[in-house]
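Please read it alongside the coordinates.

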Amino acid sequence: MSATITRHRQRKKLKADINVVPYIDVMLVLLIIFMVTAPLLNLGVDVELPQANAKPVQQQKEPVIVSVTADGAYTLKLEGGANEPIDATTLQAKVAAFVRANPDVPVFVAGARDADYSTVFDTMVLLQQAGVPRVGLMGQPADK
């Protein structure tokens, strides 16, 4: 009788392996989907600039643009890149490093029409402390 029990146990031995191939396939498909869709996500902040009847300034290099939104948040755009939200200390450090590497790059502040004047002024002081020799203000052409 004990011989039949041992044979029975040997036949029904459980297999403890996990087949990971389907999981790897799913992960590769998800990786491809995220790699394709990540560049398509273009986040931006719309800033309504004040209008003026001034001539546009001709520049040789792509300017550094610091935008101040109506709620006082900062965004930074370096050399044709995308606007990235940034805090004041990081803004000062990044602009200082960029201006040290490119001393003749123009730096502009794009303050929203609804932005507090003191916030725009503090941004200009912040940029001066970062070593920017000249800071310009941006605006939109006036509607005729």
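1. Five strands, in the order S4-S3-S2-S5-S6, make up an open sheet of mixed pairing. Strands are DSSP E runs of at least two residues and helices are H or I runs of at least four, numbered from the N terminus; two strands pair if DSSP finds at least two bridges between them. The edges are held by S4 (84–86) and S6 (135–137), each with a single partner strand, so one side of each has no neighbour in the sheet. From one strand to the next the twist averages 30 degrees.

2. This is a predicted model, in which local features need pLDDT of at least 70 and side-chain atom pairs count only at pLDDT 80 or more, whereas totals for chains, interfaces and linings use all residues. Residues are numbered from 1 along each chain as its sequence is written, and side-chain values use heavy atoms, with hydrogens and water left out.

3. Strand S3 (residues 74–77) runs antiparallel to S4, joined by three bridges. Within this pair, Tyr 74 is opposite Ile 86 of S4.

4. Helix H4 lies across S2 (64–68), S3, S5 (107–111) and S6, at about 165 degrees to S5. Here axes are lines fitted to C-alpha atoms, for helices over the stretch in contact, and angles run from 0 to 180 degrees between N-to-C directions. After H4 comes Gly 131, with a positive phi near 100 degrees.

5. The buried residues of H4 are Thr 119, Val 120, Thr 123, Leu 126 and Leu 127 (buried: under 20% relative accessible area; exposed: over 50%; 1.4 Å probe, protein chains only). They cover an arc of only 115 degrees around the axis, which places them on the same side of H4; the arc is taken from the directions from the helix axis to the C-beta atoms. The face turned away from that side carries the exposed Tyr 117, Gln 128 and Gln 129.

6. Which residues does Thr 123 contact beyond its neighbours within four places in sequence? They are Val 66, Val 68, Tyr 74 and Val 109, contact meaning heavy atoms within 4.5 Å. Thr 123 has a relative accessible area of 0% and is therefore buried.

7. The largest nonpolar core has 19 residues, of which Val 64, Leu 76, Leu 91, Val 95 and Leu 127 touch the most other members. Such a core is a set of buried Ala, Val, Leu, Ile, Met, Phe, Trp, Tyr and Cys residues joined through side-chain atoms within 4.5 Å. S2, S3, H3, S5 and H4 each give two or more residues to this core, and H3 provides the largest share, four residues.
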